[in-house]
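Please read the following report alongside the sequence and the structure.

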Amino acid sequence: SAISYNENFTKSKFNIDEYNGILIFGEQRDGKVSSVVYELLGEGNRLARQLGTKVSVVLLGNNTDKVVRELFAFGADDVFQIDHPLLECFNDELYTDIVVQVILQSKPEIFLVGATTYGRSLAARVASRLNTGLTADCTCLEIDAEKRLLKQTRPAFSGNLMATIICPNHRPQMCTVRSKVMNPIEPDFSKIGQIIKPNVTISPNLKIKKIDSIKNKVQRVNLADADIIVSAGRGIQKPQNLELIREFADCLGAAVGSSRALVDAGWIEYSHQIGQTGINVRPKIYFACGISGAIQHLAGMMSAKYIIAINKDPNAPIFKVANLGMVGEIEHIIPALIKEVKNK
Ligand code: FAD
């Protein structure tokens, strides 16, 4: 079916001028909208103003009426709502099939997807089926209003340069966007948009079937949404010292992050990794404990409001981006900070 979609699309009278508007994938799980969708709505509104167009969301799920209201509040003009028991959980094959149908009907000039596990899987399949380009993991979007082109910027060569990519000859212009790099708008819950129920075929004949789902061990505080993050790097010296980091994080009501060094060493799960190949965070306060400040780590935490670095090497690169630096051994400084916080 992938081939027939490509052929149909290429053979149909493909005319760039027919494409208008910005479409966003409204990723949700169990009725909870992924935070990156709010960020995409904020960014989508900014881009739409430059293009003089509107922002729509394609929302797949089961019993999603409550979600629709939220999407309007956060800036959606229209929501393509496809509610069906088969769509309760994300399924690459089924979701791709439906999103492609919605795009073929609504013809958006831009399609934005969060660079989440689901979003990455969906976007690649949709782009392939529509024969269009896809820029993965964007960190900045700009509009060339005259040519109606989306300039999609993403880190390349391990973050050593930023590549700006355009898609001049195909539509929609598609990209996945990292979380925590765009800003949501203030929600307005009095805002009501248009709900569109598109005419789509929901095929139950799937190659991929969900057998079971196992919930991840829940972290004490969700890293992506945390106001305070205490992150550990190789400078903590031994895995046992992670307990010290966790205790400090608990005192502050903070989430625990890490550099890739600890993930590679098997001391902490990948879900804690911050950086280019981990997650992006934007907390109010970021503690970098025994982290050198490699560019790939900085890529994930540079937009923290206030960075506090603890490192025994006064020349560690992390101090160049830190608002406050403490030079010394983790084993001495962290217990002293815990004592101080507990005494408050
Ligand atoms: P190190 O660089 O070894 O730094 C340890 C620091 O601890 C040093 O500055 C040292 O002075 C200090 N220290 C040592 N002992 C103590 C002590 N007792 N007390 C206080 N300080 C002490 N990295 C990421 O983090 N996230 C990513 O997403 C990521 N993606 C990558 C993608 C690619 C393609 C590549 C090539 C690399 C990537 N990396 C990533 C790895 C990155 O380049 C660094 O290797 C990594 O961030 C280093 O981790 P670190 O700072 O914990 O360790």
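This is a predicted model: local features need pLDDT of at least 70, side-chain atom pairs count only at pLDDT 80 or more; totals for chains, interfaces and linings use all residues.

**Helix pairs**

Two packed helices are described by the angle between their axes and the distance between the axes. The table gives these values for both pairs.

| Pair | Angle | Axis distance | Handedness of crossing |
|---|---|---|---|
| α4 and α5 | about 50° | 9 Å | right-handed |
| α6 and α10 | about 25° | 10 Å | left-handed |

Helix α4 spans residues 92-106 and helix α5 spans residues 117-130, and their packing angle is about 50°, which makes α4 oblique to α5. On the α4 side the contact is formed by Asp92, Tyr95, Thr96, Asp97, Val99, Val100, Ile103 and Leu104, while α5 contributes Ser121, Leu122, Arg125, Val126, Arg129 and Leu130. Sorted by class, the residues in this contact of α4 with α5 are 8 nonpolar, 2 polar and 4 charged.

The other pair, α6 and α10, packs at an angle of about 25°, and α6 is therefore roughly parallel to α10, angles under 35 degrees being counted that way. From α6, the residues Leu244, Ile245, Glu247, Phe248, Cys251 and Leu252 meet Glu331, Ile334, Pro335, Leu337, Ile338, Val341 and Lys342 of α10. The contact of α6 with α10 has 10 nonpolar and 3 charged residues, with no polar ones.

Which residues of α6 are buried? In this helix, residues 242-252, the buried ones are Leu242, Leu244, Ile245, Arg246, Phe248 and Ala249. The buried residues of α6 pack against α10 (330-343) and also against β13 (228-232), β14 (255-258), α7 (260-264) and β15 (285-289). Glycine 253, which follows α6, has a positive phi near 70°.

**Nonpolar cores**

The largest nonpolar core holds 31 residues, of which Ile24, Leu41, Leu71, Leu112 and Leu141 touch the most other members. At least two residues of this core come from each of β1 (22-25), α2 (35-51), β4 (55-61), α3 (65-73), β6 (110-114), β8 (140-144) and β11 (173-177), and α2 supplies the largest share, 8 residues. Leaving aside residues up to four places away in sequence, leucine 112 touches Ile22, Leu23, Ile24, Phe25, Leu40, Leu141, Leu150 and Cys175. There is also a second, separate core of 25 residues, whose members include Ile98, Val102, Ile103 and Val113.

**Threonine 153**

Threonine 153 belongs to strand β9, residues 149-156, and counts as buried because its relative accessibility is 13%, with the limit for buried set at under 20%. When residues up to four places away in sequence are not counted, threonine 153 touches Cys138, Thr139, Cys140, Met162, Ala163 and Thr164. Between the C-alpha atoms of threonine 153 and isoleucine 274, which are 121 residues apart along the chain, the separation is 20 Å.

**Backbone features**

Most residues other than glycine have a negative phi, and most peptide bonds are trans. Against that background, lysine 107 has a positive phi near 50°; lysine 107 is found in the loop between α4 and β6 and is partly exposed, with a relative accessible area of 25%. Asparagine 131, in the loop between α5 and β7 (134-138), also has a positive phi, near 60°, and counts as partly exposed at 33% relative accessibility. Finally, arginine 171 and proline 172 are joined by a cis peptide bond with omega about -5°, and proline 172 lies in the loop between β10 (161-165) and β11.

Methods: Residues are numbered from 1 along each chain as its sequence is written. Side-chain values use heavy atoms; hydrogens and water are left out. Axes are lines fitted to C-alpha atoms, for helices over the stretch in contact, and angles run from 0 to 180 degrees between N-to-C directions. Helices (H or I, at least four residues) and strands (E, at least two) are DSSP runs, numbered from the N terminus. Angles under 35 degrees count as roughly parallel, over 145 as roughly antiparallel, 65 to 115 as roughly perpendicular and the rest as oblique. A crossing is left-handed if the near helix is turned anticlockwise from the far one by less than a right angle, and right-handed if clockwise. Contact means heavy atoms within 4.5 Å. Ala, Val, Leu, Ile, Met, Phe, Trp, Tyr, Cys and Pro count as nonpolar, Asp, Glu, Lys and Arg as charged, and the others, Gly among them, as polar. A nonpolar core is a set of buried Ala, Val, Leu, Ile, Met, Phe, Trp, Tyr and Cys residues joined through side-chain atoms within 4.5 Å. Buried means under 20% relative accessible area, exposed over 50%, partly exposed in between (1.4 Å probe, protein chains only).
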